[in-house]
Amino acid sequence: MELSHASISPLHTAALRRRALSNALWYALLILIAAGMVLPFLWMFLTSFKGPNDVIFSVPPQLIPKDPTFANYVRVWNNLPLPNFFLNSIVVAGTTVIFNVLITSLAAYPFAKMKFRGRDAIFYGLLALYIVPVQLTYIPSYVLAVKVFHYYNHISALIFPSLANVFNIFLMRQAFKSVPDDLIDAGRVDGASELRIWWDILLPVVRPSLATVAIITFVNQWNDFLWPSLMLQSMDRKTLTVGLLALQGMFSSDFRGVAAGVTMTVIPILVFFVALQKYFVRGLTGAVKG
Amino acid sequence: MRTKVLALLMLISFILAACAAPAAQPPPPTSAPVVQTQLVVQTQVIEKLVTPTPGPNPEAVIEGVEPNAEISLWTFYLSPWFDDYIKSTIARFEATYPGVKVNWEDHQATFLQDYRNAMAAGTAPDVANLSDTEGWVREFAAQGKLLSMSDNLPQSVIDQYFPGLFNLQTVGGKSYQVPWYQAIAIELINHQIYDKTGLKVEDFPKKYEDLPALCKTIKEKTGTLCDIRLTVTDLLRDMAYQGGVKVMSDDGKKFTFDSPEAVAWLQMYVDMVKNNLVDRNALMTTDDRVGLELFTSGHAAFYQTGPQLIRTVRTDNPGLYGYLDVAPLPDGKSGKTAPTSMAMSVKADTKYPKAALALAVFFTNPISQLEFAKIVSIYPSTPASYDDPFFSAKPVAIEDYAKPLAKELISKQADIMPEIPQPKDVNEIVLQAVQSALFGGVNPQKALTDAVNKANALIGQ
Amino acid sequence: MPRKSALTPYLFLAPALIAIAVFVLYPIFAVVYYSFTDFDISTPPVWVGLKNYQHLFSEPLFGQALLHSFIYLIATPILIILSIALAIIVNRKLPGINFFRGLYYIPAISGSIAVGIIWRWLFDAQGGLLNGVLMWLGAIKEPVQWLTEPALTLPIAISLTVWMGVGYYMMVFLAGLQNIPEDLYDAAMIDGCNSWQKHLHVSIPGLRPQITLVAVISSLAAIEVYNEILVLFGQLGGILNSGVTMVFYLWREAFRLNHAGYASAIAIVLLVITLGFSILNMRLLERGSESD
C-alpha cells in the first residue's frame, strides 16, 4: 500500500492542465481588457515626449518616440500655472470635505436618534429637494455669487454651495441609525451634552461611514467642472478641471503640449489613488451598503 | 486628544487658505531713474511726431486724471511673449500719470467668456483689449457697457488715429474703442505641401471664389485638407467682405442676407464641405488658434493669418519656418479688406473714467505702438508712427514683408458693416442656418431666407 | 447636569438647513420666477409672462436637446451590462487580480476633463490614434473626420461616458457579487447549471440592489450630461447642434447668449423630467425591495 506517497494520478494531471489553460485564458482576457483601458493613456504619455520632428500620425502608428524630449513639459509648465491648479483643487476639495462632513453629520444625528416636532416633515422635505438637478441652481447661485456674497472669481464660490447636501445627510443618518441606543443613553445618564455625545460617542463609531462620505464628497468636488468654470476667471485661481480645459484651448492643435499637460495632471492623481486605494474601494462599497 | 488637535489645525489651515485672497499680479517695476532717462530721450523724438499738448509730459494727453486711481487692464493672448513690453509700457504710463496704479491680466482662449462673466458680475476690468475683428466691441457697446470714445476724448487725441480705424464697430454713429495694433491678413504658405500641387506662389488665387478650385487641387495632389476658418461669431461679416453681400437694407430696418450673392457665397462653402475639401474642425471653431495650430503642425498647405503669428511657427515648429512663404489675400467681391484690428475699450461704469481713458490712449499712442511694432510684425493704427525710419527700412525676414506697404494698406481698411441690432442673437440665427446648409443638406437659399425671416421677426419687423 | 433643551435638535440641524435653504431651496423659487422674465444677469429681470415657455415649445432646438438627452440614456444599460460582465471576470482568486482591478479603475479616477481630452485626441482627424490604426489595418483609405460628423457626435460622447464609468461601476458590482452567499452558487451547481446559467440565475438577481442604484445614478447623470460634450466638441456643441443636450442648452442660453430667463424655463423643464425619473426610480426601488 503506497497511499502515503503523494502520487499524482493521471486524472489529477489532466485537471491541473485544464486549470492552467483556463487560467491562461483568463489572464489573456484580463490583459486584453487592460489594454483597452490603458492604451489611450499610454499613447498620450508617450506622445508627450515626442519632439517636433517625431510625427504623431503615421500609418502604421508609431507609439514610441524616436527622439524623446522634455521640451513639451517645459513649454506647458512655463505657460500654465499647474501648481496653482493643483493647490486650488486641493484646498477646495479639502475644505469642502471638512465642513460638509461636519455639517451633514450634525444634521443626521437628530434625524436618526432624536424625537422632535417636524422631524418627518423636514426629512421628507429634504427628500423632495434631493431630486433637484444641481444645474438648475446655477443661474441664481451665479447672481448670489456676484451680487450678494461677492465671491465671484474666488474659490469660496466653490465651497459655500457645497457646505451641505441631502445625499450625505441620508448616508450619515443610516450610519447613526445602526448605532445601538444604549451607547447614547449611557452618555445621557452620565450628564453629557448632546454635542459631547455626538462628538465623543457617535462619530468614532461611524468612522467608516464618515470615510465613505468624505471620499465621495472629495472626488465629486475635485471633478466638478461646470460651476467652477463659471466662477473662476483668473488663470491662477482655476482648479484643475477648469485649468485642463484652458490647456486644451491654449495648445489646441499642439498635441504634444496637450499630452504633456494632461500627463502632468493625471499622474499625481494616480499616485494618490494607489496610495489610498483601500479607502476608495471601501468608500464605494460602503455607499452601496449604506 | 492628539488627533483632535491635529484635526483642528488642519481645519484652521484650510480656512486660512480658503479665505486668503491670493495676490494675482506682481507689482510693476518702479525703477524711477531709468524711466526718467527714457523720457528725456523720447521728448526729443516726440517734438517731431505729436502735436504739442499742454502739460509737462507730452504723452499725458488726458486731463483731470483721478489721483490715486487703481485701474485694471486685460490684454488678449499677449502673455508670456510680450510680458516685457506690456510691463514697460505700464511703467511708462505710471510715470506719466503719477499716482495711478495699473493691475494687468492676460486672458487667452477664454477671454470672451471671462469678459462676459466679469461684466455680468460687475468685476470687469476698467480697460480691456477687445477684438474688433471678432465683433466684441460692438457686442458690448450695443449693450451700453462701454464708454463712448467719441464723446469722451479731446479731438486732438482722436486725430492721432486713422479715421477709418477709429470709427470701427460704431454704435449709434459713435465709436467705443480706440484702435490698437492692426494685422494685415496674408496667406501663409507651406512650401512642403504647396509645391506638390505644381503651382507657384504667384498662382495663389487672387479672388475668393477661386479658392475651392485650389483646395480641390491640393486634395488631389497632396491628400491634405484646406485650412479655412469661418468667423462663426460674425458670419455676416464674412458674407459682406468675401461675398460682397449687402446684409441690411439701407434704412437699417430689414435684413437682406438671402440675396443671390449671399446664396452664391454659402454655396461655395457647401460645395467645399460636400466634396470633403476642408477641415471641418478648423472651419467651425470659435478659437482661431485651432486653424493656426493646424498649419503650424504642418498639416495644411496655407492659412490666412497675420504676419505677427509667424512667430508661433518659429517657436512651435522651427523646422517649418524655412518653408514659409507669403501671398497676398484674395480679394473678396466687396473689394475692401476687413480690418484685422485689436482695440482698447473702457467700461462704462468704471470708477476712474479719466484714468482708464488715459491708459487706453497711452497704450495706443504713436510711441507705444511704434515700440510694439519693433518687436513683432503688427502695424500701428496711428499715422505718426509710420514716419519713423523703422518702417521705411527694407524687409529682411518673411514677417516684415508687408512693412513698406503697411501704411497704405491700413489706411484702406474700412468697416463696411452696417450697425446690426441685437448682433449676438442675429448671428446665432445665421450660424444655425449656415450649419444646416453646410452639414444638414438644407438648400442654401431656403436656409438663408428662413434665417432672414427669423432675424426680421427678432428685431420686430 | 445639562438637560437636553427642546432647541437642541434644531441647533444640530441649523447649519445644514441654512445651507440647503440658501443654495437649493431659494434657487428653485428664483428659477421659477426668472423663467417668467427676460433677464441677462447683469440688468434687472423684466416680467414677460409665458413668453419663454411659448418660445421653448416652438423652438426646434429645444426638442433636439430633449431628444439628445434621452438618447444619451442608452449609456445606462450599456454600462450596467459591461460593468457586471467585468465584475464577474475580475471576481476570481487569481494572483495579481487586484492589479487588474486597479488598472480598470484608472479611467474612472482620472477625471472627465482629462479623459475627455484624451478621447478627443483619439478621434482627431489629423493626429488621432484611431485613424492611424484603422488606416494601418486597411479598414479606411483616408482619415475620417470623426468629431465633425453630426451622426457620430452622440455615439462618441456615449462611448466616452461608458469607458469612464465601467471601472467605477465594476467596483460597485464586485462588492455586490462578493456579498452573494456561496451556497446559492453551490445549489445552482447541484441543479446542473453551467457557469453562464449560474450567473443568470444567481448573480444577476443577487445584484438587484446594486443594479437599481447604478441605474438611478447613471441615468440621472446621462440626462444631465455636459462635460463630455464641451470637451469633445467645444462651445458649439457639435456640428448642427448634434451634441446639444438639455444641460448644454441651458448653459449656452444662460451663459453664452445671456438669455437667463429663457434658460430658467429650460431648467424648469429639466426639473420636471428629473422629478419624473425619480418617481419612476422610487417605484422600481419599492418593487425591488418587495421581492427580496
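Contact is defined here as heavy atoms within 4.5 Å. The model is predicted: local features need pLDDT of at least 70, side-chain atom pairs count only at pLDDT 80 or more, and totals for chains, interfaces and linings use all residues. Side-chain values use heavy atoms, with hydrogens and water left out.

In chain B, the domain assignment (automatic or from a database) gives three entries: domain 1 (70-183 + 339-411), domain 2 (186-217 + 287-333) and domain 3 (229-277 + 421-461). Domains 2 and 3 of chain B touch. Contacts link 10 residues of domain 2 of chain B with 9 residues of domain 3 of chain B. The C-alpha centres of these two domains are 26 Å apart.

Chain A has 14 helices and 0 strands. Helices are DSSP runs of H or I with at least four residues; strands are E runs of at least two. The radius of gyration of chain A, taken over C-alpha atoms, is 27 Å, whereas a compact globule of 290 residues would have one near 19 Å. That globule rule is 2.2 Å times the number of residues to the power 0.38. Along the principal axes, the C-alpha atoms of chain A fill a box of roughly 80 × 70 × 30 Å.

Of the 290 residues of chain A, 53% are buried, that is, under 20% relative accessible area with a 1.4 Å probe, protein chains only. Among contacts in chain A between residues at least 6 apart in sequence, 74% join residues at least 24 apart. Chain A carries 22 positive and 13 negative side chains, counting Lys and Arg as positive and Asp and Glu as negative, without His or the chain ends. The centres of the two sets lie 6 Å apart, with charges placed at NZ of Lys, CZ of Arg, CG of Asp or CD of Glu.

Conventions: Residues numbered from 1 in each chain as written. Chains lettered and ligands numbered in written order. Buried < 20%, exposed > 50% of the residue type's maximum accessible area, 1.4 Å probe, protein only.
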